[in-house]
Amino acid sequence: MSSGITVTPECIQAFGKLKDEHKLQFVIYKLSDDLKNIVVDNTSDDPILDESGNPITEPENDYERFLSRLPEDDGRYAVFEVKYMHEGGKREKVVFYSWVPEKTSIKHKMLYASSRSEVEQKLQGFVYVVQATDSDDVLYDTIQKALSNKFF
């Protein structure tokens, strides 16, 4: 089912910075305010600001920082370059996340579900997909274990 929602060029560029250039650890995408496009919400390079415009203190760990930026009440797509060890060797894999928590409005749930294939088609090169509705679905150990089982 196609939603008619388009992926902006900035989304593809940010994905390239992560996958090809390794300049970003993660990219988070969202529906635009007019619900017509998927846009970049934030990246690992973007500071998160409080209401006064001051940077907030975030977790040091990249994955915890990534998770802290996923809203509890709305959907997001995201890509994260997971780095892990397997049999003494360092591995890196790009993982795609479809984050649609239970508190997401029904309209947004439908839009995220119907636009997911378009996003996946435009952001080619990830090796694993995580479909998540709560924090238990995105535990780092679970993702790392799934990657190890898939590739080794």
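This is a predicted model: local features need pLDDT of at least 70, side-chain atom pairs count only at pLDDT 80 or more; totals for chains, interfaces and linings use all residues.

Student: Is D20 buried or exposed?

Tutor: Exposed, with a relative accessible area of 52%. The cut-off for exposed is over 50%. K19 is partly exposed at 26%.

Student: How many salt bridges does the structure hold?

Tutor: The count is 8. Another one pairs R65 with D62, at 3.0 Å from N to O.

Student: Where do R65 and D62 lie?

Tutor: Both are in helix α2, residues 62–68. They are 3 residues apart, about one turn of the helix.

Student: Why does that spacing matter for residues pointing the same way?

Tutor: An α-helix has 3.6 residues a turn, so residues three or four places apart point the same way.

Student: And how accessible are R65 and D62?

Tutor: R65 is buried, at 13% relative accessible area. D62 is partly exposed, at 30%.

Student: What about K109 and E102?

Tutor: Their side chains meet in a salt bridge too, 3.9 Å from N to O. K109 is partly exposed at 27%. E102 is exposed at 56%.

Student: Which residues are joined into a network?

Tutor: K30, D41, D74 and R76, through salt bridges that share partners.

Student: Switching topic. Which residues of helix α1 are buried?

Tutor: C11, A14, F15, G16 and L18, within residues 9–19.

Student: What do they pack against?

Tutor: Strands β1 (6–7), β2 (26–31), β3 (37–43), β4 (76–86) and β5 (89–99).

How values were computed. Residues are numbered from 1 along each chain as its sequence is written. Side-chain values use heavy atoms; hydrogens and water are left out. Buried means under 20% relative accessible area, exposed over 50%, partly exposed in between (1.4 Å probe, protein chains only). Helices (H or I, at least four residues) and strands (E, at least two) are DSSP runs, numbered from the N terminus. Contact means heavy atoms within 4.5 Å. A salt bridge is a side-chain nitrogen of Lys or Arg within 4 Å of a carboxyl oxygen of Asp or Glu.
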